[in-house]
Amino acid sequence: MRSEAAVTNDCGRNEAAAAPKPKLLGARLLDAGLIDEQQLDLALREQKRQGLRLGEVLIELGFVDPSVITEALAGEAKAQVVDVLHAGIDPEVLQLIDYETAKRNRLIPLSLDNGRLTVALADALDVVVIDQIEKSTGYVVDVVTAAETDILEALTLHFAEGQSINETIDRVLREGNVAGEDDDLEEGSLMVRLVDQIIGLGIRQKATDIHVEPDDKILRIRLRVDGLLHQEVLIPKPIQAALTARLKLMAGLDITEKRAPQDGRIRFAHGHSEVDLRVSTLPTNHGESVVMRILNTAGVSMSLSHLGFSENDRERFLQTMERPYGMVLVTGPTGSGKTTTLYTALSQIDADARSVFTLEDPIEYSMHKIRQTQIRPEVGMGFAAGLRALLRQDPDVILVGEIRDTETAQLATRAALTGHLVLSTLHTNNAAGVIPRLIDMGVERYLLPAALSAVIGQRLVRRICEHCKEPIAEPERELERLGLSAMVDGPVELYRGAGCDACRHTGYRGRQAIYEVMMIDETFHAAIVDEAPTTELEEIARRAGMKTMLEDGLAKSLAGITTVEEVIRTVR
């Protein structure tokens, strides 16, 4: 990418003085109608303030797609746009430029022919980098270009993943890069590659968490995939200090502080996207334990059709989101997909016509046109304090990350009664359990029928692997064995995963939510005021059309999405 300032080439690449001066990037995009004057003006101010290239600023502000910048710069530099993702690259050519230099400068070497090295750069006009490559390799560089995200993905494919984690570990030990001091954590360190490989492995395996667990003699890497932990890599103890320090450095933590827990965040470039990792460190008797929660926005579909709601539940859910006021609560244990459901709910709201705010701890995904606030209890900014302040901001829709205490519960209820749509989560075993839980938290029971619009209970079950999916020979006998025969009429088909390499021989790959959607209306009033038990509340909801999570899970089993055993394991 290129700044608006004219690029002067001191190495003989200047065009003749008489040649017409090329248009600046901003002007080219403006003429093409890809940005407007206001956007360009803001981007230029941000460019000056941040000292970045204009293209980087435009992408960061969300005004243009990276491919637009690539095409514009390619035209200006008269460089060919190439497909680096499908290019066959000789391993010897790759070794001409080390991985860390390539990643830092967003470039990848492609071929060597008659003393000329062809290199793909995201910024084909970066003459400083071109000169550095020529000096370090001793070859004349021919420049082509590609999208920055494509180059990063190609680097991951050819460099970080081209060598196994175990090979990198052996090199780290052989070359002695294990001290964990600042000097060993520069971009040229092998530790950079090792950490990138570990994080990349977690992302490729679709893990939700990466555990770096110190033991007496080793360092263990485990991934949580589909809700279960799997051991992936065993790392020799001498590498522990440097690897932990590298992770803390990436997360912006104090690498000298090893006695107190710390929390941070990593933005990790992976292929076409940047992945957020929420990092937590905790001192243990064998060193610091590090757990990274992977928050992959690219993997989150903001579409109700992808959540797994039945047609009936989807319509009921949409009804609640169209209301101007009321409280919608999502309930379930930690890791049951509540956050995804809430963000998808927000995506159904017209943020241009309505004022939307969130209070979160932490902010997991950034959402366009929605004002999101991070909870900070250490400065007195808890959920209750944040909600009181937020109500003075003229909101229409409020998302409260979690109702944890009496004051927050009471404030959220009163906000729902005074013309606001309130979305939040609560930890209960099922949808009906929300009502006694709110009453226990101090909410007046007579307020609930009017304030509460809907409660969504949910769990995540593992999906049957599509690569080894096969029918069960006697499905009726299986239902009878599990005590579910009475819930099914007529002939049925059930499936299971036989186990294969794609699913690590577990028979499952990926996860699917199962739901129960309880709509609250006037029929609940007497039961709530009269302190009816949850079984009675659930029966009222079922008469109004609610299917329990067990029933929804069984329906998904009959549809071949999951197994009955998995549903029972999760719900009961």
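**Exercise 1.** Which strands does helix 14 lie across, and at about what angle does helix 14 run to strand 14?

*Solution.* Keep in mind that you're looking at a predicted model. Start by finding helix 14, residues 338-347. Now list the strands that helix 14 lies across: strand 10 (326-331), strand 11, strand 12, strand 13 (397-400), strand 14 (421-426), strand 15 (452-464) and strand 18. Last, compare directions: helix 14 runs at about 170° to strand 14.

**Exercise 2.** Work out the strand order of the open sheet of seven strands, and find its edge strands.

*Solution.* Step one is the order, which reads 12-11-13-14-10-15-18. The pairing in this sheet is mixed. In general, strands of a sheet pair through backbone hydrogen bonds, and they can do so parallel or antiparallel.

**Exercise 3.** How do strand 11 and strand 12 run, and how many bridges join them?

*Solution.* Go to strand 11, residues 356-360. Strand 11 and strand 12 run parallel, and four bridges join them. For a landmark, pick Glu360, which stands opposite Gln374 in strand 12.

**Exercise 4.** Which helix lies across strand 15 and strand 18, running at about 135° to strand 15?

*Solution.* Look at residues 564-571: that's helix 23. Helix 23 lies across both strands, and the angle of about 135° is the one to strand 15.

**Exercise 5.** Find the aromatic pairs, and say why the pair of Phe309 and Tyr515 counts as stacked.

*Solution.* A search of the whole structure turns up two aromatic pairs. Take Phe309 and Phe317 to begin with: their centres are 5.1 Å apart with 25° between the planes, and the pair is stacked. Next come Phe309 and Tyr515, with ring centres 4.0 Å apart and planes at 20°. Planes under 30 degrees apart count as stacked, so this pair is stacked too.

Now place the residues. Phe309 is in the loop between helix 12 (304-307) and helix 13 (311-322), while Tyr515 is in strand 18, so the pair ties together parts 206 residues apart in sequence. Phe309 and Phe317 are both buried, and Tyr515 is buried as well. Put together, Phe309, Phe317 and Tyr515 form one aromatic cluster.

**Exercise 6.** Which rings do the charged ends of Arg462 and Lys469 sit over?

*Solution.* For Arg462, it's the ring of Tyr508, with the charged end 4.1 Å from the ring centre. For Lys469, it's the ring of Tyr495, at 5.0 Å from the centre.

Terms used: Residues numbered from 1 in each chain as written. Predicted model: local features only at pLDDT ≥ 70, side-chain atom pairs only at ≥ 80, totals over all residues. Heavy atoms only, no water. Pairing = 2+ DSSP bridges. Helix = DSSP H or I, 4+ residues; strand = E, 2+ residues; numbered from the N terminus. Contact = heavy atoms within 4.5 Å. Axes fitted to C-alpha atoms, helices over the stretch in contact; angles between N-to-C directions. Phe/Tyr/Trp six-rings, centres within 6.5 Å; stacked < 30°, edge-to-face > 60°. Buried < 20%, exposed > 50% of the residue type's maximum accessible area, 1.4 Å probe, protein only. Lys NZ or Arg CZ within 6 Å of the ring centre and 35° of its normal.
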